[in-house]
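Try each task before reading its solution.

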Amino acid sequence: MNRPAWLRDAVFYEIYPSSFSDSNGDGIGDVNGIRRKLPYVKALGCNALWLNPCFDSPFKDGGYDVRDYKLVAPRYGTNEDLYALFREAHALGIRVLLDLVPGHTSEEHPWFIQSGQAERNEYSDRYIWTDFWIKGTPDHPYIGGETPRNGTYMLNFFKCQPALNYGWAKVTEAWQTPADAPAAKATRDAMADVMGFWLSQGCDGFRVDMANSLVKADDENKSYTSALWKGLLNEMRAKYPEAAFVAEWGWPKQALCLADFDMDFYLDHPGNGYNRLVRSPDAYLKGNDPVAFVKDYLDRYEVSREAGYISFITGNHDTPRISWYLSEERLKLAYALLFTLPGVPFLYYGDEIGMRYLSTLPTKEGGYTRTGSRTPMQWGTGHNLGFSPGDPQALYLPVDPAADAPTVAEQERDPASLLTAVKAVLALRHRQPDLQADGPLSILHAKAGDPLLVYRRGALTLAVNPSDGPVQTGLSGAPLFQLGTFERGELGPCSFVVL
Ligand code: GLC
Ligand code: CA
């Protein structure tokens, strides 16, 4: 497969910059905080980072409302700090992906301010505008009454996020520009310029936000948006062949085969395989049978096998934490499974210690129900749980107030902890090429009404039992690795074995 070779053994760690480590005591995490935690990431077994947007922004959507694509948000530090992070990460063998938000900008971006002027200028067509102050199309929200221009503009997400103009697959109104119009090309080139800027500074690629949203009224295969990405990504690869790109898309057939991304997230969508593995009421890891998960997963896996990688997530900044759904024993199984299937997995910061979803927190910076998954990393038992030396009242979000809030320091000392289990599984993956992204997979046992899942990765056989009782596997041999118990073919409750 023609993907960067380093992805084969890559395990990503997603960092929400505001909440990871505060180096200067202002209560907000920052780039220098991340720098000093690189050895932690390395020791955990992750060798790549994805940083959520760290660019200048009014932060009405946690930074997904970018005001300047080429400037590190002052609250996180300087561009120099980020370049230093790239260098130090590389010295430890860690790659760094930034978050590219190509579908929209902040309403405070200078392009948008220009675009909203009454007189035509270079940026008039950079966003999607109608030609009258009360007008729109039924399939998208439009905003009027905010700018001198006689028109309304399309939103891509929140009100603060006007849609950039990559044109329309099918033009039905005089004010719409075709996908091959110069205005659409200019937007695309502007994004190429942003990507080239960071790649030239040492960034190793991008996680691409709402990657499937670019060309409007696209066909059901997203052919226009896909063609745009294929061209753009390959333009980047010509100069940066090691760069890697992961799509927030959730449909490998399009994201990998057509749009040519290296990786596509297996997102939490209602009823899909990821959802039926971890989160739905009948999820496999809650002790049910794995049939629905396996079917959805295999369909995607077959499609992706020659084209790129499916990226499992433990969770992300948009979903309730995985610990909301599973007990600690089952979290261990979840990670064992997610980290031993093909593709390139992503671990969300804090999931390695089972940080909790703080469901009652009021919304912060456009987080709403996502806010409870974005609280400060819990490093130790001291002041602010080691996140910040600052005033506890001034933190970006409060730390978990529970007396038994899990911490890195405590779990590092405990051989039975979740953190210890995560490290062990990741170390196993790094030792065994069969368990890595490209290793072959076949399902040996997945049956309705039966919680046992057995699968093969190359020379290894793996079995999972998420139920509360033992199951007979019919397998024999000495375990190479195990969680829980495995004796004379019997896999204990909440157990996992590699033979
Ligand atoms: C993606 C991001 C999410 C953001 C949205 C708009 O789904 O993951 O956090 O709010 O796009 O950019
Ligand atoms: Ca700070």
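Contact here means heavy atoms within 4.5 Å. This is a predicted model, where local features need pLDDT of at least 70, side-chain atom pairs count only at pLDDT 80 or more, and totals for chains, interfaces and linings use all residues. Residues are numbered from 1 along each chain as its sequence is written, and side-chain values use heavy atoms, with hydrogens and water left out.

**Exercise 1.** Work out which residues asparagine 47 is in contact with, leaving aside its neighbours within four places in sequence.

*Solution.* Start by locating asparagine 47: it sits in the loop between helix H2 (38-44) and strand S2 (48-51). Helices (H or I, at least four residues) and strands (E, at least two) are DSSP runs, numbered from the N terminus. Next, list the partners: Asp9, Ala10, Val11, Gly93, Ile94, Arg95 and His430. Finally, look at valine 11, whose backbone nitrogen lies 2.8 Å from a polar atom of the asparagine 47 side chain.

**Exercise 2.** Decide whether asparagine 47 is buried or exposed.

*Solution.* First recall the cut-offs: buried means under 20% relative accessible area, exposed over 50%, partly exposed in between (1.4 Å probe, protein chains only). Asparagine 47 has 17% relative accessibility, so it counts as buried. Then turn to the chain, where buried residues make up 60% of the 499 residues.

**Exercise 3.** Describe the chain through its secondary structure and its extent.

*Solution.* Count the elements: the chain has twelve helices and 20 strands. Then take the C-alpha trace, which spans about 80 × 50 × 40 Å along its principal axes.

Notes
Chains are lettered from A and ligands numbered from 1 in the order in which they are written. A polar contact is a pair of N or O atoms within 3.5 Å; within protein, one must be able to donate a hydrogen and the other to accept it, and residues adjacent in sequence count only if both atoms are side-chain atoms.
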